[in-house]
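Colleague: Could you take one part of this model and give me a close look at how its helices pack? Then put that part in its wider setting.

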Amino acid sequence: MVKKSIALVLSIMMVMTLFAGCSGAGGSGGLKVGMVTDSGTIDDKSFNQGTWEGVNKAADELKLDKQKNIKYLKPTGTTEADYLKEITNLHDAGYKFIVCPGFKFSSAIFKAQDKYSDTKFVLIDAAPNSGEKGAKDVVKPNTVSVFFAEHESGFLGGVAVALQLKEGDVGFIGGMEIPPVQKFNWGFQQGIKYANENLGTKINIKAENVVYQGSFDNVAAGQQLAAQMYDKGVKLIFTAAGGVGVGAINEAKARAKAGKQVWIMGVDVDQYADGIYEGDKSIILTSAMKKVDQAAADMIKAEKDGKFPGGQTIVFDSKNNGVGIPAKNPNLTEDTTKKVGEIFKKIQAGEIKVSAEKGDLIK
Amino acid sequence: MKLPIIKGIKKETAVSLLAVVFGLVAGALFMLMTGNNPFAGYAFLFQGGLMSIERIGNTLATSTPLILTGLSIAFAFKTGMFNVGAAGQMLFGGFCATAVGLTLNLPKPLLLTLMLIAAILGGALWAWVPGFLKARFNVHEVVSTIMMNWISYWVVYYTVPAYFKGEFLETESRKISDHASLKVAWLSDLFGGSYINLGILLAVIAVIVISFILDKTVMGYELKSVGFNRFAAEYAGVSVNRSIILSMMISGALAGLGGAALYVGNASNIQIGILPSQGMDGIAVSLLGANSPLGVLGAAIFFGLLYSGKGFMNAMTNIPPEIADTIIATIIYFAATSVMIEKFIDRIIRRKRGE
């Protein structure tokens, strides 16, 4: 009985495979760029989306066929095996330039860069590492590892917030307690401290209002945390938490609709549009950006020009405009924007040093 | 017209196969609606899972945790329990195995044995709690197993970074050594560098052992009798409370073993902040497999094939990953509604007989 059913299933598959023989795969011309998403969806308003937009931007500029030359795959799980499987799929389908956003790809790329030496890899927010005890990062000539100076971005955001709000309490909601998120937090606190000391603001950040939720996808928890903070009189929350931040934004929008004045500072990308609750009014005061899209696009263009910086570790910071707040901030006054611009120049010139370490800051 | 296919095989098998066919047809309609060629789509799906020896290995490896969680849930179903906690039992079992693997330094056979025992005990412990609560206080196992899932999630969330943190990866444990991995060189080489591992052998052994327990032992008979009618079983002298706890523990042990297959077999570290999806998929596997151990084996391999081939289908066609997920969900949905299909078959048979 079992034999018969197996035979049936097998014969169905055979027929399918035969049919497929007739319809070939899309012919390839030019550079084929693949991307594997991190946990979360392609429209996460953050990491995956930013990277994918960068890939699209590069495809536009290089006039690549968007149907055939760029592609993203979504792994079924988050283990190294799941990531490697999708990298293999892209490789076997002819995508020989693969962008992987997220620190979780570290050990998968470590293996892939050896296994597929004919393929170029861009690893964002991490360096390839075997993950074994005491192992060193290994960036092979076919891989580029990209990092961001999140602390500088958080610092600028903190200064902008302080200048705009002048006084009162602010808070921070992070996702997982990992370096890229922590650095946003530490930079934010330093920015507020700088503004209080040098620009005459009186912004307060209490230890109880600095929270790491522990995940990047718990929307409901983000909403609850934000509600608690706003109830305690917090005026603005800086969210560096993916989906958890979306929950906080929802809470802020609900409150703004009810006539209360609350703010969110967005993260990673310009989140202004996500915070719109009425007409063109948004609860996003500004966003601490890390320009993942630019990083992805730059690497693809470099590959096209034959200048792929293989084997290198590249840091995107204020010096190369890789971090910062958006060019347009409808909720900031002109005065604030101007002053933040001056501070940005000072960071670029090295006059202001933002620490990437915790030091005596909160969490 | 006679129904030759149905005549030759058991009704349950026919129902499951029809569910698969309906699911594939529904998936094909989805592909057509989104402007893709379903024949090409399915061909790439199956090629992605089967076109090289390495990919076949990966498909089997993807199926391994599903076989074990499917078996876990099927066993619970057979004995009248609905174990929704396979994800948590799996996570905790996998965590126990990882903890042993990262702590002890022993020869591989001994270490692996200890790790597997730890996984089995961990899973069994996690299922013992809902079993005990059901037997003693009549707490419904669906509620308590779901709660145990989250307890397991947070226990792992805090314990891994505290004691087994990776060097750079804050959300993962350290990588286990080759010593402590279910991957063995001869099996990887046999399948051209695939991540297939001893887990698949364990899963097949588990299928055999569980069919033996269910069909050939007094214990299995007693457990099943409690599943059919707990009061009749009690009247016949079966200790119902003991049976409930025992069947939950066996179910949990299987899920725990699935955790070992996932975290120290397919993967080489345990991650925090995520419940393994195989726990819930196991319910669908069990339904499609009509709760029989052999059926579960077939259903899990089919699901493994879908999951493993999906990416290649995405890469070769313009079917976006989200649609591919929907197609797979549609197939699972049809699999889960096999009761509906059963009624449909009954009606056809009745009509043939002219009733």
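Modeller: First, a helix here is a DSSP run of H or I, at least four residues, and a strand a run of E, at least two, both numbered from the N terminus. This is a predicted model: local features need pLDDT of at least 70, side-chain atom pairs need 80 or more, and totals for chains, interfaces and linings use all residues. Residues count from 1 along each chain as its sequence is written, and chains are lettered from A, ligands numbered from 1, in the order written.

Take chain B. Helix α5 (residues 86-103) and helix α7 (residues 141-163) of chain B bring their axes within 7 Å and cross at roughly 30 degrees (axes fitted to C-alpha atoms, for helices over the stretch in contact; angles from 0 to 180 degrees between N-to-C directions). α5(B) and α7(B) are therefore roughly parallel (under 35 degrees).

Now the residues. α5(B) makes the contact (C-beta atoms, placed from the backbone, within 7 Å) through B:A87, B:G88, B:L91, B:F92 and B:F95. From α7(B) come B:M148, B:N149, B:S152, B:Y153 and B:V156. By class, this α5(B)-α7(B) contact has seven nonpolar residues (Ala, Val, Leu, Ile, Met, Phe, Trp, Tyr, Cys, Pro), three polar (the others, Gly among them) and no charged ones (Asp, Glu, Lys, Arg).

Next, the partner chain. 44 residues of chain B are in contact with 44 residues of chain A. On the chain B side, α2 (11-33), α3 (38-50) and α14 (293-316) are the elements that give two or more residues. α14(B) gives the most, with nine residues. The chain B side has 20 nonpolar, 18 polar and six charged residues.

Across in chain A, there is a division into domain 1 (29-148 + 291-322) and domain 2 (150-290 + 333-348), with bounds from an automatic or database domain assignment. The C-alpha centres of these two domains of chain A lie 29 Å apart. 16 residues of domain 1 of chain A are in contact with 18 residues of domain 2 of chain A. On the domain 1 side, five residues are nonpolar, five polar and six charged.

Technical notes. Parallel < 35°, antiparallel > 145°, perpendicular 65-115°, else oblique. Contact = placed C-beta atoms within 7 Å.
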